[in-house]
Amino acid sequence: MVVQPVKDELFCLCAVEVNGNRYQCNTSKAEVDVKMIEVVASMSRGPVFLAGELLECLITFTNPMSHLSTSASSEMLAWASAQIHCQFHASESRVALPAQGTKQDVQAGSDTVLIPSRGERGQCMLDTPPKILFCDLRLDPGESKTYSYSEVVPTEGPPSFRGQAVKYVYKLTIGCQRVNSPIKLLRVPFRVLVLHGMPEPPFPQDEEVAPSNPFLEEEEAGRRDARPLERALDMLMITTSRRCAHLFNITNMRGKVAKFCIFKTVYRLGEDIIGTFTFSEGDIPCLQYSVSLQSEEEVNQQYQRRPGQSISITGHGRHMESCLHTASSHFSLPVPLNVTPGFSTDIVSLRWRLHFEFVTAREPVEPPTVLQNQSEVTVWTGADHVDVDTFSWDLPIKVLPTNPALASYVSQFSGTNSINI
């Protein structure tokens with residue numbers, strides 16, 4: 001007897017040949033249950049975290065088959081584990097990395113070895129030890145099991161960043177395997193903000209500290225877990241709340257153009273940058289000005305592809321205004337929540353600045369004259385031709401992280417992902 005499966009769009013056909021006679025049985029696909037297990041991973045507090053913060057994720061394994069199905073049966077998983085890793089990718093046209101050794105892991109090509117970065121571009125530059133979620137899990141039809149994974153986001157790594165020269169991408173990878181089957185990987189990307197100087201956890205991981213009030217044991221334990229994040233956010237608020245007027249005289253080769261005032265130069269994500277100009281104190285008429293919020297991505301010299309390689313400038317907002325015959329003016333530029341705060345690694349540095357551009361007249365421009373008792377409407381027409389000068393100025397500023405819960409509202413990641421195995 002020979003059995004030959006035949007594929008069809010509407011039917012599952014099985015051709016059977018017995019003693020030279022061919023028989024065919026047709027079964028609609030609706031009657032065929034595909035055996036699988038659905039895995040769903042969801043981060044309970046959003047997809048953005050501060051380095052040093054505790055990441056928590058709920059991972060649910062479900063046998064979606066109905067117990068009423070004629071082919072319903074229990075499903076088995078051999079094991080599942082989870083770990084965090086940071087994937088690094090560099091632009092070949094801008095970054096020259098040291099040559100990697102030719103030695104490779106002899107098990108790297110095996111389908112039974114858990115490699116969280118398998119199939120991804122770049123290299124894994126940081127990972128946490130894998131944590132086993134379970135071994136030998138049996139799920140009856142319609143049954144679900146949920147496991148909790150928690151891990152401290154490493155503090156020694158870079159922040160999440162997608163620049164023109166390098167990219168740093170963080171992912172939580174869940175590896176699952178059926179018996180005698182290759183490993184399946186479920187990846188949940190998330191964003192990491194790095195706050196330099198974040199305080200260390202006040203209690204060692206393995207130290208048991210008796211609460212002062214036994215009736216508040218659970219509450220005190222929760223406070224200990226949240227205290228590092230709270231202290232980091234308090235430090236961040238204090239640093240970015242300090243105000244002190246910074247005054248600058250804007251001048252060119254012909255004389256003073258204006259006075260500029262800004263009340264601080266350290267901002268966190270989501271804040272508005274506010275500055276004021278006073279043109280009445282200037283000697284040179286200013287026709288127009290613009291202010292741009294820019295980031296500078298610079299590859300460190302030893303990793304530059306070409307000597308004297310230029311810095312990558314990226315704009316994140318611009319304010320432009322005409323200001324002829326204006327005594328004072330101001331601007332407001334928001335710092336987007338989805339950008340990366342300033343940081344520095346061995347390969348690249350990211351800095352922030354305000355870029356100013358001014359257009360000034362070479363000769364005085366007379367303002368329109370209005371008589372005191374004039375009742376008619378007067379229309380003032382600007383000059384047809386004005387000789388102008390242009391110049392620019394850069395003011396370095398610092399951009400720091402913000403509360404990760406706030407940054408989660410605009411994150412490109414959902415913090416949830418799923419796979420069928």
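Student: Is Asp136 buried or exposed?

Tutor: This is a predicted model. In it, Asp136 has a relative accessibility of 58%. The cut-off for exposed is over 50%, so Asp136 counts as exposed.

Student: Where does Asp136 sit?

Tutor: Asp136 lies in strand 9, which covers residues 131-139.

Student: What is the phi of Asp136?

Tutor: Start with the general idea. Most residues other than glycine have a negative phi. Now the case here. Asp136 is not a glycine, yet its phi is positive, about 55 degrees. His325 is not a glycine either, and its phi is also positive, at about 60 degrees.

Student: Where is His325 placed?

Tutor: His325 is in the loop between strand 19 (312-322) and strand 20 (328-334). His325 has a relative accessible area of 38%, so it is partly exposed.

Student: How do I read an aromatic pair?

Tutor: Take Phe277 and Phe331. Their centres are 6.1 Å apart, with 40 degrees between the planes, and the pair is tilted. Phe277 belongs to strand 17 (residues 272-278) and Phe331 to strand 20, so the pair links distant parts of the chain, 54 residues apart. Phe277 and Phe331 are buried.

Student: Which kind of pair do Phe277 and Phe358 form?

Tutor: Phe277 and Phe358 form an edge-to-face pair: 5.9 Å centre to centre, 80 degrees between the planes. Phe358 is in strand 22 (residues 348-361), 81 residues from Phe277. Both Phe277 and Phe358 are buried. One aromatic cluster includes Phe277, Phe331 and Phe358, with Tyr289 and Trp393 also among its members.

Student: What is the strand order in the open sheet of 4 strands?

Tutor: The order is 10-6-4-24, and the pairing is antiparallel. The edges are strand 10 (144-152) and strand 24 (416-420), each pairing on one side only. Neighbouring strands of the sheet are turned by 15 degrees on average, direction ignored. Look at one pairing. Strand 6 (residues 54-62) and strand 10 pair over 9 bridges. Ile59 has Tyr147 in strand 10 as its bridge partner.

Student: What is the average pLDDT of the protein chain?

Tutor: The average is 81, and 77% of the residues score at least 70.

Methods. Residues are numbered from 1 along each chain as its sequence is written. This is a predicted model: local features need pLDDT of at least 70, side-chain atom pairs count only at pLDDT 80 or more; totals for chains, interfaces and linings use all residues. Side-chain values use heavy atoms; hydrogens and water are left out. Helices (H or I, at least four residues) and strands (E, at least two) are DSSP runs, numbered from the N terminus. Buried means under 20% relative accessible area, exposed over 50%, partly exposed in between (1.4 Å probe, protein chains only). pLDDT is the predictor's confidence in each residue, from 0 to 100. Two strands pair if DSSP finds at least two bridges between them. Axes are lines fitted to C-alpha atoms, for helices over the stretch in contact, and angles run from 0 to 180 degrees between N-to-C directions. Rings of Phe, Tyr and Trp (its six-membered ring) pair if their centres lie within 6.5 Å; planes under 30 degrees apart count as stacked, over 60 as edge-to-face and the rest as tilted.
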